[in-house]
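The stops below are given in the order in which to select them.

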Amino acid sequence: MKNIKIYFPVLALLCLAACSKSFLDTEDVTSATEQNFYKTPNDAWKALVGVYDGMQRATSSGIGLNVVTSEIMSDNAFGASGNSDGYGVQMVDEFDKLRSPSDQDMFGDNWTVYYKAVYRANMLLKNLDQVDWKGNDALRNMYESEARFIRANLYFDMVRFWGNIPLLTAPSVDNVPQANPDEVYQLIAEDLKFAAANLPATSYGAMAPADFGRVTKWAAEAMLARVYLYYTGYYAKPDLAGVVTKEEALAGLEEVISNGGFGLVENFADLWPAASLNNYVGERNKETVFSVRYTYTSDWNGNVDGNHWMVMMGIRVQAIYPYGLGWGAGTVNAKLWNAYPAGDTRRDATIISIDGENLDFKNKKDQREYTGYYAKKYSPMADEAGVSLAEKMGGVSFMISQFQDYVSIRYSDVLLMAAELGSGNAQQYFDDVRKRALGASFVSIPVNNTNILNERRLEFAGEGLRYWDLLRQGIDVAAATIAETVTLQNGEVDVTKTINAAKITETKGLSQIPNTQISLSNGVLKQNAGW
């Protein structure tokens, strides 16, 4: 197999795995080929479900790029994990391949499943015109838009992590070299712009329950602004790959705010199951602009419907009601706990404090880089007897049956991005987010980039956004912010941990391309600097 070499019969790529959540339910296709499958709109629908399934698999794979790895690479969390585990997550955390030289394929699974998901999207897009749409061009454009949004979302994850990646816009088995990142971002921008123009402007209140989780116009416009901010910041460019201007990115956000039907959930903690318990507002709430859906029906036979990365950040091998056990990766940096001002309700909703909550944690001897703090927003959960809620619901294992959706875009993000891009309502948007968090202790402060970026850290900690917010301020800013020397505990023994700014600068903040992919490409792929 060379490079990604992801070539399968169309049946395998459709892979319409069973899933109990709304539109992901579908029948299996048992005798389809590329030549005979794409005939009717129903065929295209089944293929589209396969594209969503590919995204679901990609975002749940490995140690989890979107949240776990992103938080570990930021100044919010340390690698941690078990005291006798390998040092792969320390390698990621410290941007230093010498911390675990054998982990040359740390992200091998992630690379593979992301490109498989891209293949699914490309396969559908290639074959859309084989379908007899019976004059229903709007439906065709909607399916194309959903596939293109998902492809853009996948490529955005990959190009941020690896920087230099092969760009495939059609199903291919070719051993293609890495593209210039500008080309990748141009495709992302064009895909999202098409999606924003052709997806239905479905408001929150009007969305049918069975459709929750499908991409909307609002998700495309919000994602386009996120990509704009990252690309223009990290690469110091005046616009998004010549496709989207600052004015256009802001206009899309203003449309989401004015017409999307979204709003802020009144109590911040109620957004998160582990933070709110009986007051959780549920996955289908007015603040969710886009989420990747998961359920508990994963099994060991290839059904990948669950949130597989959540277990990584759970309290190390001990369930303490209401928190379920996990592997103890991503222990929260005390600097984050201390960054919240007095009265900020987000701190206790975001972070589990072992001492602050009087939790009887007995497993410190097995915890590396213990800080006393764990992530709460995406914590596994257990009942009072310590039984995993995922298993109580029928999941085969707490390791693969976590069912909490990954909320990729929240409405508060839309407000803060619009403020950052210079909306005439910037102060109001900024204040709205802070009022919810601070309640009676709220005092207005000026809306400026420094304050907005600080607010983003407090608002989105534990959601995988902080690292990218740092990088888009410049690699030197990111390196200086993340670098530190700190005393932590490995198995209850004090140790000194150092994250060196020079390592972050050397790698340009990018991750290690799996060595297996470089080998299989016969040297066509080149490793990123510093790795």
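This is a predicted model: local features need pLDDT of at least 70, side-chain atom pairs count only at pLDDT 80 or more; totals for chains, interfaces and linings use all residues.

Residues are numbered from 1 along each chain as its sequence is written, and side-chain values use heavy atoms, with hydrogens and water left out.

**Helix H6**

Select residues 108-127, which make up helix H6. Helices (H or I, at least four residues) and strands (E, at least two) are DSSP runs, numbered from the N terminus. Buried means under 20% relative accessible area, exposed over 50%, and partly exposed in between (1.4 Å probe, protein chains only).

**Arginine 316**

Next select arginine 316, in strand E2. Is this residue buried or exposed? Arginine 316 counts as buried, at 8% relative accessibility. Show its polar contacts (pairs of N or O atoms within 3.5 Å; within protein, one must be able to donate a hydrogen and the other to accept it, and residues adjacent in sequence count only if both atoms are side-chain atoms). A polar side-chain atom of arginine 316 lies 2.8 Å from the backbone oxygen of tryptophan 327. A second stop is aspartate 366, whose side chain makes a polar contact of 3.0 Å with that of arginine 316. The two residues are 50 apart in sequence, with their C-alpha atoms 7.4 Å apart in space.

**Backbone geometry**

Most residues other than glycine have a negative phi, and most peptide bonds are trans. Select leucine 277, in the loop between helix H11 (273-276) and strand E1. Leucine 277 has a positive phi of about 55° and counts as partly exposed, at 37% relative accessibility. Move to asparagine 358, in the loop between strands E4 (351-353) and E5 (373-375). Its phi is also positive, about 55°, and asparagine 358 is exposed, with a relative accessible area of 71%. Then go to the bond between tyrosine 321 and proline 322, which is cis, with omega about 5°. Proline 322 sits in the loop between E2 and strand E3 (325-326).

**Tryptophan 300**

Finish at tryptophan 300, in the loop between strands E1 (288-292) and E2 (315-316). Tryptophan 300 counts as exposed, at 56% relative accessibility.

Note on methods:
The expected span of a helix is 1.5 Å times one less than its number of residues.
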